[in-house]
Amino acid sequence: MLRQAALDIVIDTRGRGFYEFTDKVSVWVRQTGIATGLLTLHLRHTSASLLIQENADPEVRRDLERFFSRLVPDGDPVFQHNDEGPDDMPAHVRTALTAVNLSIPVLNARPSLGVWQGIYVWEHRRQPHARQVAAHIIGE
Amino acid sequence: MLRQAALDIVIDTRGRGFYEFTDKVSVWVRQTGIATGLLTLHLRHTSASLLIQENADPEVRRDLERFFSRLVPDGDPVFQHNDEGPDDMPAHVRTALTAVNLSIPVLNARPSLGVWQGIYVWEHRRQPHARQVAAHIIGE
Amino acid sequence: MLRQAALDIVIDTRGRGFYEFTDKVSVWVRQTGIATGLLTLHLRHTSASLLIQENADPEVRRDLERFFSRLVPDGDPVFQHNDEGPDDMPAHVRTALTAVNLSIPVLNARPSLGVWQGIYVWEHRRQPHARQVAAHIIGE
C-alpha cells in the first residue's frame, strides 16, 4: 500500500563549504519503513545549493570550491546587488548554476545513490546559516 | 487516500527575462485539495529554464542576467549552431547550466518554498515565446 | 489505483559525448501500463550528467561540448585532484554545473517531453564507462 512521509531537516553551516547529510537522510528513509519509492529533497534558500558529489577524496570538494570561486568571484563589479556583502550575489549565481532540489529513487529501503555519491548542502555564504531542507518520500 | 493531478501551464514570455508564476502554481495546488505531497514542474523546451530564485529585490535577477550574458555571450564564435540567430545556442547552454525541472514537497496545501523563493520561467531567447510547463502533483 | 515500478538502466558510453536513451525510457514507461504519473531518473555517478536537450540538430550537442570544454578545461592548474588524469576533476565540475536527476510528468503513457527534447547521459570522462541510471515511476 503506497504511503508518504515528510520531514523538515535543518543543516547548520559554519560558512562557505560542503556539509554532508547523507546519513541523516538514509536513517530517516529507513525509519519510514518504505522499501521502494521516491525521495525528494528541497532546499528552502536561494544562496546555498543541494549537491550530489563524490564523498571519497575531500580534494574534489576543495577543487569544486576553487573552480566556483574563480568562475563567480566575490565582489565582481558586474553585480549591483551586494546589500549583504561581496559574497551575496555570487551566492545567488552559484545557486542558479547548481540545484536546490534532488529526486532519488529509493530501493531496498535506501536512497539509490552510487557508491561514491554523497548528499551535501553547499553553503555559498561566508557567514554561518541554519539551512532548511524539506524532505518527502512516497512509496511502500 | 493518495491521488494525483496534472496540469498544463502556458507562460507567455516577452523575450529574455524572468517570468514569475509562483501564484499560478500555488493556486492550482490549493485547488487540487492535496495538503501533503510532491509537486513537479517540467519545462518542455531546451532554450529556457525553470528557476527558483529570490523574489524580493529585482536587482538579483538583473545581476543573474548580467552574469549569464557575460558567461555565455550572444554571438560567441565558439558556436556553430546559430540558425535562429546569435541568441540561439547561448539559450541552449544557459538551459544546460540551469534546470528544466523542479521537485517541491507540498506541506499545508502549499509548495514548501522558502520565504524568499519564487518560481520563474527564465526565457533565454530574445523573441517572445509561449512556454509550456507540465505540472504534476501527488499526495493526499 | 496508484502504483509504482522501478528499473535499473545501464548506458554504455564510449568516452566523452552524449548518449540518448529517450526511447529506452519511453518503452519502459509504456510497458508499466501507467498512463498518468511521475517519472524520475537518477544517475548514480559524479563524473557524468543527465541532460535534457535538443535532439534535432547534432550541432547543438557539439556546441555544448565546445562551450563546456572551454569553461572547464581539462588539465586546468586550479585542480589538485587529478588521480585519474586531466579529465578527472573537470568531469566532477561539469556534473555539478548540470544535473544528475530528472523529474518528468507522464501523460498519455509517455514522458511529457517537448517535441525537441531528448534525454541524454552526458559522459564527461574520456574513457568508456558503464553508467547506471535508477528509474522510478509512480502513477496509474
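Analyst: Happy to! Leaving out residues up to four places away in sequence, F21(C) touches I9(C), I11(C), L41(C), L50(C), I119(C), Y120(C), V121(C) and V133(C) (contact means heavy atoms within 4.5 Å). F21(C), F21(A) and F21(B) touch the most other members of the largest nonpolar core, which has 72 residues. Such a core is a set of buried Ala, Val, Leu, Ile, Met, Phe, Trp, Tyr and Cys residues joined through side-chain atoms within 4.5 Å, with buried meaning under 20% relative accessible area (1.4 Å probe, protein chains only). Apart from that core lies another of 48 residues, including V60(A), V93(B), V93(C) and L97(C).

A word on the basis: this is a predicted model, where local features need pLDDT of at least 70, side-chain atom pairs count only at pLDDT 80 or more, and totals for chains, interfaces and linings use all residues. Residues are numbered from 1 along each chain as its sequence is written, chains are lettered from A in the order in which they are written, and side-chain values use heavy atoms, without hydrogens and water.

Now the interface. Chain A gives 32 residues to the contact and chain B gives 34 residues. Together they bury about 2700 Å², 65% of it on carbon and sulfur atoms (the accessible area, 1.4 Å probe, that two parts lose on being put together, summed over both). Of the area chain A buries here, Q4(A), T46(A) and A96(A) supply 18%, more than any other three residues. The count of salt bridges between these chains is one: R70(B) pairs with D76(A), their closest N and O atoms 2.5 Å apart (the rule asks for a side-chain nitrogen of Lys or Arg within 4 Å of a carboxyl oxygen of Asp or Glu).

How values were computed:
Buried means under 20% relative accessible area, exposed over 50%, partly exposed in between (1.4 Å probe, protein chains only).
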